[in-house]
Amino acid sequence: MRRREFLILTGGLILTAGSAREALAQLPKITKKDTYRVGFAQTESNNPWRIAQTKSMQDEAKKRGWQLVYTDAAGSAAKQVADVNSMIAQKVDAIFLAPREEKPLIPAVMQAKRAGIPVILLDRSVDPSLAKAGEDYVTFIGSDFIEEGRRAGEWLVKTMNGKANIIELQGTTGSSPANDRRKGFADFIKDHAGMKIVASQSGDFARDKGRQVAETLLQANPTATAIYAHNDEMAIGAIAALEAAGKKPGTDVTIVSIDGTRDALQAIIDGKMGATVECSPFFGPIAFDTLVRFGGGETIPPKIINQDRFFDRANAKQFVAEAY
Ligand code: GYE
């Protein structure tokens, strides 16, 4: 009896041993084929960035004659887990996953692994202590979000001469870009005593949520002189909130954000926004190329980092027409 209890306890409680065992099992392989049937599990479709990303994946599938099984989790991590499970049931060759949040998508990654289906993470990552590239999933392809936050901070310090009361609009709580953009920015400004984050709250990467949160935070912090938004959609929402409050965006309050959407570049041209760090949504070519290389037996590095540009008054006009 005692012995049984001990076994149950070890099996149930020592999670680290369980995950270590899982990590030892091999990354699923795929055989080399001319065309693949792949899944793309999108997080949501409520902003131009997501729409551009989906189109890039669909265009690339079409160009190569691959079949794309597409799902849209509509902003729900639980639905995204179910979407991945349905792709597993359909026995796709591989799954491209844009995990909405870092922890809730871990079971989806592990289930695909157990089913022998390789997963490539696109644009967002998962908690690195719970799943590893090269063991549980093939690789992460996307931008360096800490660097994005650092670049936004660097621009703001320079533009505000080291003195600003900052409202931060965070992205989706628990998502890797929100965590890392926050960290990169905070780490950079901490050496500048005049740069203070007076309020910081999530606007869920969405325009209208960003507008609502900015409205509340501006009311509570009338001395704010800058807004750092984790994406352009929330920055555009903040512009609306400032205008509704009778303030001049770009003059009374300086705005910096991340992505490089057409609306953001236009807002820069109009003088309402200061700058945006590019975060490319065009994953199709690199995603499909990486899978082909993996299928051909190549060892894929744990991270494939996109090279991004920076848009401000100096170049927004030049790039607005090609923006999404
Ligand atoms: O910045 C944002 C989107 O995960 C990098 O998610 C992506 C971010 C992007 O909703 O606009």
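Predicted model: local features only at pLDDT ≥ 70, side-chain atom pairs only at ≥ 80, totals over all residues.
The protein is divided into domain 1, covering 34–142 and 282–306, and domain 2, covering 145–279. The centres of the two domains, taken over C-alpha atoms, are separated by 29 Å.

An open sheet is formed by six strands in the order 2-1-3-4-5-11, with parallel pairing. From one strand to the next, the twist averages 20°. Strand 4 (residues 119–122) pairs with strand 5 (residues 139–142) in the parallel sense over three bridges, and Leu 122 stands opposite Ile 141 of strand 5. Helix 3 (residues 48–64) lies across strand 1 (37–42), strand 2, strand 3 (94–97) and strand 4. The helix runs at about 175° to strand 1.

Between domain 1 and domain 2, about 1,000 Å² is buried, 51% of it on carbon and sulfur atoms. Of the area that domain 1 buries against domain 2, 44% is supplied by Trp 49, Glu 102 and Arg 124, more than by any other three residues. The contact takes eleven residues from domain 1 and 16 residues from domain 2. Five residue pairs are in polar contact between the domains, with both residues at pLDDT 80 or more. One salt bridge is found across the interface. Arg 100 forms a salt bridge with Asp 204, in which the closest N and O atoms are 3.1 Å apart.

Methods. Residues numbered from 1 in each chain as written. Heavy atoms only, no water. Pairing = 2+ DSSP bridges. Helix = DSSP H or I, 4+ residues; strand = E, 2+ residues; numbered from the N terminus. Axes fitted to C-alpha atoms, helices over the stretch in contact; angles between N-to-C directions. Contact = heavy atoms within 4.5 Å. Domains from an automatic or database assignment. Buried area = accessible area lost by both parts, 1.4 Å probe. Salt bridge = Lys/Arg side-chain N within 4 Å of Asp/Glu carboxyl O. Polar contact = N/O pair within 3.5 Å; in protein donor to acceptor, adjacent residues only side chain to side chain.
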